[in-house]
Amino acid sequence: MIGTGAMVETQVYLLPGVRRIRVVAMLALLAALPAIALAPATAPPDYVGSVACKGCHPDVWLKFYKNPHFQSIASGREPAERTGCEGCHGPGRAHVEGHGDKSKIIAYSQLRPGQILDSCLTCHAAQMPRANIRNSAHTQANVVCTNCHSIHKSNQPKFLLANIQREVCYGCHATVRAQFEMPVKHRVNEGVIQCTDCHNPHGSFAPTWRMGARPRLMEQAMGNEEPCLKCHSDKRGPFVFEHAAVRMDGCETCHNPHGSMNAKLLKRPVVWTLCLECHNGAGNFGRAAMGVPAQSRTHNMFDPRFQRCTTCHVRIHGSNSDPTFLR
Ligand code: HEC
Ligand code: HEC
Ligand code: HEC
Ligand code: HEC
Ligand code: HEC
Ligand code: HEC
Ligand code: HEC
Ligand code: HEC
Ligand code: HEC
Ligand code: HEC
């Protein structure tokens, strides 16, 4: 176990010399001696306070007042083990007295990914209830907080990111950069939208579309729906006549969400090849257990007019007036 965060819940420091009293014991004391309970908490002796770090780590210290973690020093209300430098690096006395002995302080450069995660989550766990962080694809691949956040060297205005958001991600997902350079794309590289409009890098729960398969760290908007609907709200429905492909399989059945060579981010260059992947009458499913209906005999596939399915089936995402999405 690294850090002392885990002790916070169970051990309380009251008076100098009276170290590490169990909470149960303290409650008894509280009842008996309300006056002592009101006295300010005094730091236990292995904590020296953040000012002690200033002399030897001026580079870190001088910028720290801008860090959101400075709050704990400014407020003066947190217990020593949640205050300032020692809130993350643990008690500093032995390190200071050892003239900077690296083995006597929590040095993140020496920690395993799982230990870093635990250390940050001692304070941040409550913030990530929707993220399922311990099961996320990132955590399982040993990608943890410090791969994306930089506590002391962030040059970003928000969230202590190690770099501009997309550059953080491209550092490991280089192929995705190329997808956002395609002729048709969401303008992520231009700064119009961000990866986190669609993804939650901390993790997510299995979504309801696609039977929960392929979650892909998808940010779940409005409860449990696809993040796409936040912006493309006209596709949300519910429609009187739903297109099962949209409702059940999800937008990425027909669209490449990042970028595509094809108009409207479609997966196929000509629309009928996309439709006929399903509408070919094959298989043993669909309404009449006869497969997804093939286009009817009225459709002459040799007539180029019929190849542009969406010139007639204009409400392809769902319709309130026509079961075949003609209007
Ligand atoms: C929120 C947790 C946190 C707090 C608070 C914190 N640090 Fe750090 N510190 C880290 C992490 C994580 C690293 C590893 C480098 C990184 O990811 O930025 C680090 C690295 C360091 C290093 C190694 C050199 C470097 O810049 O990478 C020193 C020295 C250091 N911290 C000192 C301090 C001092 C002094 C304070 C108080 C002014 C402090 N830290 C407050 C988390 C913290
Ligand atoms: C007497 C000077 C001195 C003081 C005071 C001091 N440090 Fe250090 N610290 C050092 C030196 C020197 C190193 C580098 C050790 C090495 O690289 O082997 C170091 C290394 C560290 C590291 C490890 C960085 C890494 O490589 O990941 C951390 C974290 C750190 N100090 C935090 C603190 C904190 C927090 C305080 C205040 C409680 C503090 N230091 C006070 C001298 C000091
Ligand atoms: C794969 C990269 C990545 C990892 C790993 C990661 N973060 Fe983040 N984090 C981000 C990005 C990107 C944002 C900005 C989100 C936004 O712009 O809405 C963010 C935002 C945050 C925020 C502020 C907004 C919020 O969601 O509350 C906190 C706090 C945070 N991260 C803490 C952590 C902690 C703690 C860990 C490790 C347990 C962690 N992050 C791991 C990328 C990451
Ligand atoms: C001692 C408790 C504590 C620990 C440990 C801790 N944090 Fe924080 N963190 C905070 C507090 C308090 C804030 C400010 C919260 C706020 O403003 O809502 C904060 C804010 C943040 C933010 C948001 C910055 C912003 O601009 O909103 C990020 C990102 C973050 N921490 C990352 C980390 C990472 C990464 C670690 C582990 C290296 C870590 N924290 C460890 C208490 C902690
Ligand atoms: C418009 C929404 C959207 C944006 C913006 C977006 N993504 Fe995605 N991303 C998706 C969807 C949807 C999937 C799932 C595709 C699928 O399963 O077919 C996905 C899949 C992925 C995958 C998994 C690829 C695979 O096929 O296994 C990665 C990695 C990824 N995105 C990274 C990123 C990065 C990095 C950014 C920002 C630079 C980003 N995404 C921006 C919607 C988006
Ligand atoms: C330190 C490297 C690293 C960074 C930084 C990083 N990722 Fe990842 N990411 C990975 C690894 C490793 C995986 C798991 C293996 C894989 O699917 O490629 C992954 C997986 C993913 C997936 C697919 C999840 C799944 O279910 O298959 C998405 C989406 C994703 N990352 C988005 C992002 C976004 C958005 C960012 C920036 C906020 C980001 N990543 C930053 C390394 C990273
Ligand atoms: C943050 C808002 C936002 C989110 C989330 C979002 N989009 Fe978009 N989308 C846009 C904007 C803005 C455009 C207009 C294109 C542009 O100029 O960037 C667009 C354009 C499109 C287009 C049409 C492209 C064209 O050529 O006209 C499609 C298709 C599309 N998005 C599908 C999706 C899908 C699928 C998702 C979810 C995976 C999604 N969008 C998520 C904002 C968003
Ligand atoms: C069955 C395949 C299919 C699915 C699933 C699908 N779309 Fe489309 N989408 C299309 C086709 C085909 C077009 C082109 C229509 C045209 O050319 O008139 C299109 C066009 C679009 C456009 C641009 C034109 C417009 O109508 O605004 C957006 C935005 C869009 N889709 C978003 C979405 C979103 C969001 C989802 C998920 C909720 C989704 N699509 C699911 C087939 C699909
Ligand atoms: C991922 C598979 C899939 C794709 C791709 C797809 N569809 Fe569908 N479509 C379905 C399913 C499933 C139904 C519902 C069939 C049922 O109710 O039996 C359906 C229903 C329909 C219906 C209504 C049929 C009826 O009899 O009620 C029309 C019209 C239709 N789709 C046209 C299209 C067009 C045009 C395209 C191409 C832009 C397309 N579909 C792409 C799966 C798909
Ligand atoms: C010229 C206009 C037009 C074009 C182009 C067109 N359709 Fe249709 N489609 C219709 C009309 C009208 C109906 C309803 C009457 C009928 O079944 O012929 C229909 C019905 C359907 C049905 C429902 C059949 C059933 O038995 O319930 C499907 C599926 C379908 N079309 C798919 C497609 C596909 C796939 C394409 C592209 C390859 C396409 N349509 C192109 C006009 C068109």
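Trainee: Which helices each supply at least two residues of the shell around ligand 4?

Mentor: Bear in mind this is a predicted model: local features need pLDDT of at least 70, side-chain atom pairs count only at pLDDT 80 or more, and totals for chains, interfaces and linings use all residues. Residues are numbered from 1 along each chain as its sequence is written, while chains are lettered from A and ligands numbered from 1 in the order in which they are written. Helices here are DSSP runs (H or I, at least four residues), numbered from the N terminus. The ones you want are helix 6 (71–75), helix 7 (84–89), helix 9 (113–124) and helix 11 (145–148).

Trainee: And which element gives the largest share of that shell around ligand 4?

Mentor: A residue counts as near if its C-beta atom, placed from the backbone, lies within 6 Å of the molecule. Of the 19 residues around ligand 4, Pro68, Gly87, Cys120, Cys123 and Cys145 come nearest. Five residues, the largest share, come from helix 9.

Trainee: How many charged residues are in the shell around ligand 3?

Mentor: Among the 19 residues surrounding ligand 3, the closest are Cys120, His124, Cys145, Cys148 and Pro201. Helix 9 and helix 11 are the elements giving two or more residues to this shell. Asp, Glu, Lys and Arg count as charged. By class there are 11 nonpolar and eight polar residues, and the charged count is: none.

Trainee: Which elements give two or more residues to the shell around ligand 8?

Mentor: Ligand 8 has 18 residues around it, with Cys228, His232, Ala245, Cys251 and Cys254 nearest. The elements are helix 15 (228–231) and helix 16 (244–249).
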